[in-house]
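Let's take a walk through a protein fold together, one piece at a time.

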Amino acid sequence: MEERETADFREAFNSVLKSIANEFSLEGRAGADLAAMRLRNAVSKPCRSRISQLKPLSLLQEVCNLPNAVEMADFVLECAPLLDWEQWEGRGLSKDISNRLFTTELLGPDGHIHDNQIRVGLLVSEPFTDYPVSNHSGEETYFVISGEAEWVVGSGNYQCYPPGSLIHHPSWEIHGRRTLSEPFLGAWRWSGDLDLSTFSVNA
Ligand SMILES: [Fe+2]
């Protein structure tokens, strides 16, 4: 759609892609290196034209304006109105929780820019949201853009990760995340098996 491809949108969108690439290029894993390379290549590729009506803009404003947000939060906020946001409804996830989460795939099989090798997106969560432990086929890393949340991986304890952190979930590893008084905004990547239907909550 023409509206999406305004110069301002594309500049902010490309800044998001390049900023996420920079963070994943520091991770030191093959999947992260692939994500960084595909993100950098994506800046010259066309966006798909689907426009969702779901826009969690007040939540994004709240989280991007937290004092400890990293710089890319400004670019996310700028292009957010033209991104396709959706609520994630994975197997076993209650409606109460999925209503408090909004995600957008920037790059990937279902992304704004098509890619068959990787999925990269953003996720924003309301405060006081206990995303239950779950697992999936894709190897996953989150980069914290803004908001402190607590994470658990495998049999460990919940740990708080501030903006700037990377949290890695190996393929099929059980993991969960809960927000407290702050909302959360992160960038995520999936590498390896990209089949979203493998997701399930571990009751
Ligand atoms: Fe995950």
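Before we look at how two helices meet, we need a way to describe it: an axis is a line fitted to C-alpha atoms, for helices over the stretch in contact, and the angle between two axes runs from 0 to 180 degrees between their N-to-C directions. Also keep in mind that what you're looking at is a predicted model.

Now find helix H1, which covers residues 7-24. Its 18 residues reach 26 Å from the first C-alpha to the last, close to the 26 Å expected at 1.5 Å a residue. How do H1 and H2 cross? Their axes come within 8 Å, at an angle of roughly 160 degrees. Angles over 145 degrees count as roughly antiparallel, so H1 is roughly antiparallel to H2. The crossing of H1 past H2 is left-handed. Zoom in on where they touch: Leu17, Lys18, Ile20, Ala21 and Phe24 in H1 meet Ala32, Ala35, Ala36, Leu39, Arg40 and Ala42 in H2.

Quite a few H1 residues are buried, including Phe13, Val16, Leu17 and Ile20. What do the buried residues of H1 pack against? Besides helix H2 (30-42), they pack against helix H4 (72-79) and strands E1, E3, E5 and E10.

Let's move over to H4. Six of its eight residues are buried, namely Met72, Ala73, Phe75, Val76, Leu77 and Cys79. Those buried residues pack against H1, helix H3 (57-64), and strands E3, E5 and E10.

E3 spans residues 119-125, and six of its seven residues are buried. Strands of a sheet pair through backbone hydrogen bonds, either parallel or antiparallel. Strand E1 (residues 101-108) is joined to E3 by six bridges, and the two run antiparallel. E3 is also joined to strand E10 (residues 184-191), this time by seven bridges, again antiparallel. Look for Ser125 in E3: it is the bridge partner of Leu101, and Ser125 also stands opposite Phe184 in E10.

One more stop: an open sheet. In what order do its five strands line up? They go E7-E6-E9-E4-E11, with antiparallel pairing. At the edges are strand E7 (159-161) and strand E11 (200-201), each pairing on one side only. Further in, five bridges join strand E6 (residues 149-153) to strand E9 (residues 175-179), which run antiparallel. To see that pairing for yourself, find Val152, which stands opposite Gly176 in E9.

Methods: Residues are numbered from 1 along each chain as its sequence is written. This is a predicted model: local features need pLDDT of at least 70, side-chain atom pairs count only at pLDDT 80 or more; totals for chains, interfaces and linings use all residues. A residue is buried if 20 or more other C-beta atoms lie within 10 Å of its own, exposed if 12 or fewer, and partly exposed in between; C-beta atoms are placed from the backbone. Helices (H or I, at least four residues) and strands (E, at least two) are DSSP runs, numbered from the N terminus. Two strands pair if DSSP finds at least two bridges between them. The expected span of a helix is 1.5 Å times one less than its number of residues. Two residues are in contact if their C-beta atoms, placed from the backbone, lie within 7 Å. Angles under 35 degrees count as roughly parallel, over 145 as roughly antiparallel, 65 to 115 as roughly perpendicular and the rest as oblique. A crossing is left-handed if the near helix is turned anticlockwise from the far one by less than a right angle, and right-handed if clockwise.
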